[in-house]
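This note is intended for a colleague meeting the structure for the first time. Its points are numbered so that each may be checked against the model.

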Amino acid sequence: MTPFAPHALLTGARLRPDAPPVDIRMDAGRIVEIGAGLAARGAAVHDAGGALVIPGLWDGHVHFGQWAAMARRVDVSDTESPDEVTARVARHLAIERPAPGAVVQGFGWRVAGWDRLPSTAELDAVVGDRPVILISGDCHAGWLSSAAFRALGLPVREGHLDEDDWFPIYSRLADLPEDPAVVRASLDGAMRAAAAKGVVGVADMEFETGRLEWPARTAAGLDLLRVRTCTYPEGLDDAIAAGARTGDVLDATGLVTMGPLKVITDGSLNTRTAWCCEPFVTDDDLGDPRGKRNVDPEELTAMLTRAHAHGLDGAVHAIGDAALLDALDAYAASGARGSIEHAQLVRMEALGRFAELGIVASVQPAHLLDDRDSTEALWPDRLERCFALRSMADAGIPLRLGSDAPVAPLDPWLAMSAAVHRSADEREPWAPEQAITPREALLASTDGVAAPAVGGPADLALVDDGARPAGLSGTAEQAALLRTTRVLATFVAGRLTHSA
C-alpha cells in the first residue's frame with residue numbers, strides 16, 4: 001500500500017443535501033464500500049461531520065507552471081495603456097530592487113482597448129539594461145525589453161510579439177535562471193491553493209515536457225494533485241518514441257498520466273488574432289482582419305492522424321469560428337478523439353457535427369467575464385454565438401470546464417458561477433440564453449464522475465452547504481452561492497490533501 005492510496009474511512013458524509021449520513025471506505029485509490037456504521041478495520045478515519053461529499057473537482061485546462069509563477073510576477077492586469085504598464089514596472093523595480101541580471105516578468109496587460117500599441121523603446125526607457133518580459137493577459141503576446149531579447153540570444157524586435165513570433169519565447173521562460181527553492185515554493189503554494197478549492201486534478205497544457213517534469217515533481221513531494229500532461233507538436237516525435245499514449249501512468253505515485261497532443265491553431269480575442277469567418281469590428285487597420293490561422297487544415301489533419309495512430313488524443317485550441325470549423329474537419333478526416341479547447345466563438349450550424357464526432361468542448365467560462373467588453377467591441381454582431389454553453393449542451397456536446405490559468409484564476413467555483421450567471425458586476429447577464437444550470441456546471445467540473453460511487457475514484461471534496469437557502473430566485477443568487485462555497489476537505493486517491 002503506497003501513501004498515495006491509503007486505506008481511509010470517511011464517516012458521516014451526505015451524498016445529497018437531503019440524504020442521511022453514510023460512511024465511505026477508500027482503498028488503493030478507489031471507493032470500495034459505502035454504507036452506514038462501517039468498521040474502521042485499520043483505516044485512517046476522517047469525520048465529515050454531516051458535510052456534503054461531491055466528486056473531486058478538475059480544472060480541464062491550466063498552464064500550471066505559469067499559474068504558479070504568478071506569485072513571482074508583476075501584476076499589470078488592471079492597466080489601461082502602455083504608460084500605465086511601464087509605470088507599474090518602474091514602481092516594482094524601485095521597491096523590490098531585483099538583483100542585477102535577474103529577469104523580471106510581468107503578467108496581465110491586454111492590448112484590446114488601448115489607443116496605441118506598445119514599443120520596445122518605451123519599455124527600455126524605464127528598465128534600462130534590465131531584462132523584462134511582460135506576458136499578455138491571454139498569454140498570446142509578449143512585450144520584451146531589449147535586454148530580454150539579448151538574454152534569450154535573440155535579435156531585438158520593435159514592439160510586442162504575438163502568436164508564432166511569441167510562443168517559442170514563451171516556451172523558454174521556464175528555462176530562465178531562478179532560485180529553485182522559490183520556484184518549488186510557488187508550485188507547492190499553487191497546489192495547496194487548488195486543493196483548498198476542492199481540486200483533485202488538472203489538465204496541464206504547459207509548453208514544458210510535462211511527461212518528464214511532472215514525475216520528477218511528484219518524486220520530490222509535489223504530489224497534491226493528479227496531473228494529465230500534454231505534448232505540443234514540437235515534442236510529438238519524442239512522445240511517440242517513448243511510447244507515451246493518452247491515459248498511460250507516467251510516475252510511481254499514479255498521479256501523473258499522459259494526456260493529448262495540444263495544437264494551437266489560432267490566436268485570441270484580445271490580441272485580435274482569433275481566426276474568424278468574418279472580420280473583427282474595429283477602426284484599426286489590422287494586417288489580418290479575420291485573425292491568424294496558425295496551422296493550416298492539412299497540417300492539422302496530418303498531426304492528428306499521426307497522434308491518433310500512436311494512441312494520443314487531440315486537444316485543439318480554437319477560439320474563432322473559422323478555427324473551430326478547421327478543427328472539426330481535421331478530427332473528421334483523422335478519426336482522432338479529443339477536445340476543442342476554448343470554442344469561444346461557434347457556428348450554430350456546426351454544433352450537430354461537433355456532437356456527432358464525439359469531441360469534448362473544453363471551455364473556460366470565467367473568460368466571458370474578462371472578455372465581455374472586448375467581445376462587445378470586436379464581435380458585436382456575433383454575441384449570441386460566444387461562449388454558447390447552452391447550445392453546445394443541448395446539441396449533446398460534452399462540456400468540460402477549466403480556467404486556462406493564469407488567464408483566469410484556477411478556481412472551478414468561479415468557472416461554474418460564470419457559466420450559470422454570465423456576469424461579474426451589476427450588469428445583466430450577457431446572452432443569458434446560453435447559461436447552464438448549477439448541476440450541469442458541476443458535472444462538467446468532475447472529469448466525468450457524476451457522484452461518489454463504489455468502484456469510482458477516491459477523489460472527493462467535502463463542502464459546507466449548511467448555509468444554503470431553501471430557494472434561489474435567479475442565476476445571480478446561484479452564482480453567488482457557488483462562488484462562496486466553502487471546501488472543508490479534499491481527498492486525492494483517499495489521501496487528505498486539504499483540511500479547513
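This is a predicted model: local features need pLDDT of at least 70, side-chain atom pairs count only at pLDDT 80 or more; totals for chains, interfaces and linings use all residues.

1. R427 is partly exposed, at a relative accessible area of 30%. On this scale, buried means under 20% relative accessible area, exposed means over 50%, and partly exposed lies in between, with a 1.4 Å probe and protein chains only. R427 forms a salt bridge with D373, and the closest N and O atoms are 2.8 Å apart; a salt bridge is a side-chain nitrogen of Lys or Arg within 4 Å of a carboxyl oxygen of Asp or Glu. R427 lies in the loop between α15 and α16 (438–443), while D373 belongs to helix α13 (residues 372–378), so the pair ties together parts that are 54 residues apart in sequence. D373 also counts as partly exposed, at 47% relative accessibility. Helices (H or I, at least four residues) and strands (E, at least two) are DSSP runs, numbered from the N terminus.

2. Residues are numbered from 1 along each chain as its sequence is written, and side-chain values use heavy atoms, with hydrogens and water left out.

3. How many salt bridges does a search of the whole structure find? The search finds 32. One of them joins the side chains of D83 and R116, at 3.1 Å from N to O. D83 lies in helix α2 (residues 82–96) and R116 in the loop between β8 (104–109) and α3 (120–127), so this pair ties together parts that are 33 residues apart in sequence. Both partners are partly exposed: D83 has 48% relative accessibility, and R116 has a relative accessible area of 33%.

4. A network of salt bridges links E278, D321, R347, E349 and R385. Within it, R347 forms a salt bridge with E349, with the closest N and O atoms 3.3 Å apart. R347 is buried, at a relative accessible area of 17%, whereas E349 counts as exposed, at 62% relative accessibility.

5. The packing of α15 and α17 deserves attention. Two packed helices are described by the angle between their axes and the distance between the axes. The axes of helix α15 (residues 412–421) and helix α17 (residues 475–483) come within 8 Å and cross at roughly 175 degrees. Axes are lines fitted to C-alpha atoms, for helices over the stretch in contact, and angles run from 0 to 180 degrees between N-to-C directions. The two helices are therefore roughly antiparallel to each other, a label given to angles over 145 degrees. On the α15 side the contact (heavy atoms within 4.5 Å) is made by W413, L414, M416, S417, V420 and H421, and on the α17 side by T475, A476, Q478, A479, L482 and R483. These residues divide into seven nonpolar, four polar and one charged; Ala, Val, Leu, Ile, Met, Phe, Trp, Tyr, Cys and Pro count as nonpolar, Asp, Glu, Lys and Arg as charged, and the others, Gly among them, as polar.

6. A cis peptide bond joins A405 and P406, with omega about 15 degrees, and P406 lies in the loop between β18 (399–401) and α15. E163, a residue other than glycine, has a positive phi near 50 degrees; E163 lies in the loop between β11 (161–162) and α5 (167–170) and is buried, at 1% relative accessibility. A343, also a residue other than glycine, has a positive phi near 45 degrees. A343 is found in the loop between β16 (338–342) and α11 (351–356) and is buried, with a relative accessible area of 1%.

7. Strand β8 has six of its six residues buried, so it is largely enclosed by the rest of the structure. Strand β7 (residues 74–75) pairs with β8 in the parallel sense over two bridges; strands pair if DSSP finds at least two bridges between them. In this pairing, V74 stands opposite G106 of β8.

8. The buried residues of α3 are T120, E122, L123, D124 and V127. They pack against α2, β9 (132–136), β10 (141–144) and α4 (146–151). Just after α3, G128 takes a positive phi of about 65 degrees.

Key. Angles under 35 degrees count as roughly parallel, over 145 as roughly antiparallel, 65 to 115 as roughly perpendicular and the rest as oblique.
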